[in-house]
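Biologist: I would like to learn how to read a protein model, feature by feature. Could you take me through this one?

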Amino acid sequence: PGCAQSCVDEDGLPCESCPPRASAPDGSMSITECSCLAGNRWTGLTAAEYLELSRSGQEADFCLPCEKGSYASSSGALSCTACPIGTTTAGIASTSELECQCMEGYTSPNGGHTECTPCGPGTFKDSLGPSDCIVCAPGSFQLDSGAPFCNTCDAGHFHEGAPDSDICTPCPAAMTSRP
């Protein structure tokens, strides 16, 4: 992205291209018309500061992608908006709240994206999205809410209680177990 393909400045010279993750309207005559694309936020550098740093070989970011768990739905964003509690995005540079989905350990009872609640003790969910929580398999347990996995007992112990109980019993003499 950058200035329009055939853009020229006031003196008839080719204009500066916009920085990465930024663009300017067609026919733009100056790098000062560049703004961050949706999914990115402005770093606070002016166009002049960016040009000075990049021309001197220094790394400079005019725009940065929104981090995982946030989004910017319009170009020119000064900051990214955090996803609702219990949700995240699959990656960086998200452009819509619709990209926010239930995080690991959370589910959405109505199959939605933004109303996510933690999985209860004895259950887990190891993927993104509105899928259901899974009861811990026999021999495993989880005491916490919002967990992405179930726990197992240490070697030499076994679990035979409820999946929300952490009681691990030592194996009988001359017997063992795998963790």
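Modeller: Gladly, and let's start with a term: a nonpolar core is a set of buried Ala, Val, Leu, Ile, Met, Phe, Trp, Tyr and Cys residues joined through side-chain atoms within 4.5 Å. Buried means under 20% relative accessible area, exposed over 50%, and partly exposed in between, with a 1.4 Å probe and protein chains only. One caution on sources: this is a predicted model, where local features need pLDDT of at least 70, side-chain atom pairs count only at pLDDT 80 or more, and totals for chains, interfaces and linings use all residues. Residues are numbered from 1 along each chain as its sequence is written, and side-chain values use heavy atoms, with hydrogens and water left out.

Biologist: Which residues of the largest nonpolar core touch the most other members?

Modeller: The largest core has 13 residues, and those with the most contacts to other members are Cys18, Ala22, Ile31, Cys34, Tyr50, Phe62 and Cys63. Helix α1 gives the most to this core, with three residues. Helices (H or I, at least four residues) and strands (E, at least two) are DSSP runs, numbered from the N terminus.

Biologist: How do I read the sides of a helix?

Modeller: An α-helix has 3.6 residues a turn, so residues three or four places apart point the same way. In α1, residues 47–55, the buried ones include Ala47, Tyr50 and Leu51. They cover an arc of only 95° around the axis, which puts them on the same side of α1; the arc is that of the directions from the helix axis to the C-beta atoms. Ala48 and Glu52 are exposed, on the face turned away from the buried side of α1. After α1 comes Gly57, with a positive phi near 85°.

Biologist: How many disulfides does a search of the whole structure find?

Modeller: A disulfide is a covalent bond between the sulfur atoms of two cysteines. Here the test is a pair of cysteine sulfur atoms within 2.5 Å, and the search finds eight. One of them joins Cys18 and Cys34, with the sulfur atoms 2.0 Å apart. The pair ties together parts that are 16 residues apart in sequence, because Cys18 lies in the segment before β1 (22–23) and Cys34 in the loop between β1 and β2 (35–36). Their S-S torsion is about -85°, so this disulfide is left-handed. Cys18 is buried at 7% relative accessibility, and Cys34 is buried at 8%.

Biologist: Which residue does a disulfide join to Cys36?

Modeller: Cys63 is the partner, at 2.0 Å from S to S. Cys36 sits in strand β2 and Cys63 in strand β4 (residues 63–65), so the link ties together parts that are 27 residues apart in sequence. This link is also left-handed, with -95° about the S-S bond. The relative accessible area is 2% for Cys36, which is buried, and 1% for Cys63, also buried.

Biologist: Where is the nearest cysteine sulfur to Cys171?

Modeller: Let me give one more bonded pair before that. Cys83 and Cys100 form a disulfide with sulfur atoms 2.1 Å apart, and both residues are buried. Cys171, in contrast, is in no disulfide; the nearest cysteine sulfur, that of Cys153, is 8.8 Å away. Cys171 is buried, at 16% relative accessible area.

Biologist: What pLDDT does the chain average?

Modeller: pLDDT is the predictor's confidence in each residue, from 0 to 100. The chain averages 86, and 88% of the residues score at least 70. Over residues 1–6 the pLDDT is below 50.

Definitions and conventions
Contact means heavy atoms within 4.5 Å.
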